[in-house]
Amino acid sequence: MMKIEATFFALYRERVGKRKHTVQLPENSTVSEFVSQIRQQFPLMAPPEVNIVVAVNAEYADPGDLLHEGDDVCLIPPVSGG
Amino acid sequence: MIQLTLDPLNPEEITTGMRSNANGAVVTFLGTTRDSFEGKKVLRLEYEAYEDMAIKKLEEVRQEIQDEFTLEDISICHRIGLVEIGEISLVVVVASPHRKEAFLACQKIVDRVKEIVPIWKKEVFEGGSHWVSCEDHEFETPTSQHSV
């Protein structure tokens, strides 16, 4: 198993009630599997029908990307800068 | 110049820093905070950023537009934290030998910033607040979760 520290921003941070949360995942888990576990633990973070965007090490990630212990994994709600 | 700051932005200073004899045009865009949302009075705005990635993405936008147009220089400065109504949240300055490219590039930079840079805007109004652009995240049940 590996430990991944998730960071939540903005809407997700407020709904989850904290900025950081550690999840345990099997080695070679994907971004998509990480999102499934987050959705399970925090069902009120986002409705099931919306896509959840993830950034790994400060870059947008694809659902099939593999995660590694120590990765900086962030949950990115729809952005609205400007 | 790329900047992410909690402090008020100074567009005159940023623009002056971009002047050079090689330019025939300097275009400055100011994004300012609006006082209404669907008829409700907005009291203030709160910006949050994933700072490391936001700086990286702002730099990426700068590079992308610099490569696409023939430009001398680009500055993108975004304010975060609490921003009062009427204040400046975004300054984009484009310096170019020719005005056409400067106008086009400036508009494209603002569009790209809004698309890919991980910065979030919360409008706080009387009796509530909401995160802008998160409408698709509302739950459709009576126990709706609002970001109040």
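How many residues does the contact take from chain A, and how many from chain B? The contact takes 19 residues from chain A and 26 residues from chain B, where two residues are in contact if their C-beta atoms, placed from the backbone, lie within 7 Å. The structure is a predicted model, in which local features need pLDDT of at least 70, side-chain atom pairs count only at pLDDT 80 or more, and totals for chains, interfaces and linings use all residues. Residues are numbered from 1 along each chain as its sequence is written, and chains are lettered from A and ligands numbered from 1 in the order in which they are written.

**View 1. The side of chain A that touches chain B.** Helix H1 (10-16) and strand E5 of chain A are the elements that give two or more residues to this side; helices (H or I, at least four residues) and strands (E, at least two) are DSSP runs, numbered from the N terminus. H1(A) supplies the largest share, 4 residues. By class, this side of chain A has 14 nonpolar, 3 polar and 2 charged residues. In this classification Ala, Val, Leu, Ile, Met, Phe, Trp, Tyr, Cys and Pro count as nonpolar, Asp, Glu, Lys and Arg as charged, and the others, Gly among them, as polar.

**View 2. Chain A as a whole.** The C-alpha atoms of chain A fill a box of roughly 35 × 25 × 25 Å, taken along the principal axes.

**View 3. The open sheet of chain A.** In chain A, 5 strands form an open sheet with mixed pairing, in the order E2-E1-E5-E3-E4; two strands pair if DSSP finds at least two bridges between them. Strands E2 (20-25) and E4 (59-60) of chain A are the edge strands, each pairing on one side only. Strand E1 (residues 2-8) of chain A runs parallel to strand E5 (residues 72-76) of chain A, and 4 bridges join them. A:Thr7 stands opposite A:Cys74 in E5(A).

**View 4. The open sheet of chain B.** In chain B, 4 strands form an open sheet in the order E1-E5-E7-E2, again with mixed pairing. Its edge strands are E1 (2-5) and E2 (25-32) of chain B. E1(B) and strand E5 (residues 73-79) of chain B pair in the parallel sense over 4 bridges, and B:Ile2 stands opposite B:Ile76 in E5(B).

**View 5. Two packed helices of chain B.** Helix H2 (residues 51-68) of chain B and helix H3 of chain B pack at an angle of about 150°, with their axes 10 Å apart; axes are lines fitted to C-alpha atoms, for helices over the stretch in contact, and angles run from 0 to 180 degrees between N-to-C directions. H2(B) and H3(B) are therefore roughly antiparallel to each other (angles under 35 degrees count as roughly parallel, over 145 as roughly antiparallel, 65 to 115 as roughly perpendicular and the rest as oblique). The residues of this contact divide into 6 nonpolar, no polar and 4 charged.
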